[in-house]
Amino acid sequence: MSDADRIITPAQARAARALVSWSQRDLAAHAGVAEPTITQFERGNRNPSRAVARAIRTALETAGVEFIAAHATSLTGGEGVRLRLQESEVARKRTE
């Protein structure tokens, strides 16, 4: 299973939206899905199809979000989200 095919959780979707300051409407527009689909998914009332889940994840990743799988960085860590560093930040860190 590729990273793009990993299912994100409703909590990850909410947190990712907060990181990029998007409303549910914004996410729906960027993912090309209906706003109620986002609302129902984030509330845990609906499991989106694989195609819709991929569209949601791709939209958020394109905006700069990185999804972290459970136990990816430690044995006790759960799944999460973070912002990717911008290219300028990566270059600066390499010179430090």
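## The overall layout

How many helices and how many strands does the protein chain have? In this predicted model, the count is five helices and two strands.

The protein chain has 96 residues, and 30% of them count as buried. Its accessible surface comes to about 6,200 Å², with 49% of that belonging to carbon and sulfur atoms. As for contacts with a separation of 6 or more, 49% come from residues 24 or more positions apart.

## The nonpolar core

Let's head inside. The largest nonpolar core has 16 residues, and the ones touching the most other members are I8, L27, I56 and L60. In soluble globular proteins, nonpolar side chains tend to be buried together.

Leaving aside residues up to four places away in sequence, L27 touches R17, W22, I38, E42, I56, A59 and L60.

Now for α4, which has 13 residues and spans 18 Å from its first C-alpha to its last, close to the 18 Å expected at 1.5 Å a residue. Its buried residues are A53, I56, R57, A59 and L60. Viewed down the axis of α4, these buried residues fall within an arc of 160°, so they line one face of the helix.

What do the buried residues of α4 pack against? Their partners are α1, α2, α3 and β1. Over on the other side of α4, R50, A51 and T62 are exposed. After α4 comes G64, with a positive phi near 110°.

## Where R84 sits

G64 turns up again when you look at R84. The C-alpha atoms of R84 and G64 are separated by 5.5 Å, although the two residues are 20 residues apart along the chain. R84 itself lies in the loop between β2 (80-83) and α5 (87-95).

Is R84 buried, partly exposed or exposed? Its relative accessible area is 38%, so R84 is partly exposed. Not counting residues up to four places away in sequence, R84 touches E61, T62, G64, V65 and E66. With V65 there's a polar pairing to look for: a polar atom of the R84 side chain lies 3.3 Å from the backbone oxygen of V65.

Note on methods:
Residues numbered from 1 in each chain as written. Predicted model: local features only at pLDDT ≥ 70, side-chain atom pairs only at ≥ 80, totals over all residues. Heavy atoms only, no water. Helix = DSSP H or I, 4+ residues; strand = E, 2+ residues; numbered from the N terminus. Buried < 20%, exposed > 50% of the residue type's maximum accessible area, 1.4 Å probe, protein only. Contact = heavy atoms within 4.5 Å. Polar contact = N/O pair within 3.5 Å; in protein donor to acceptor, adjacent residues only side chain to side chain. Core = buried A, V, L, I, M, F, W, Y, C linked by side-chain atoms within 4.5 Å. Expected span 1.5 Å × (residues − 1). Arc of directions from axis to C-beta. Areas by Shrake-Rupley, 256 points an atom, 1.4 Å probe, with all protein chains shown as cover.
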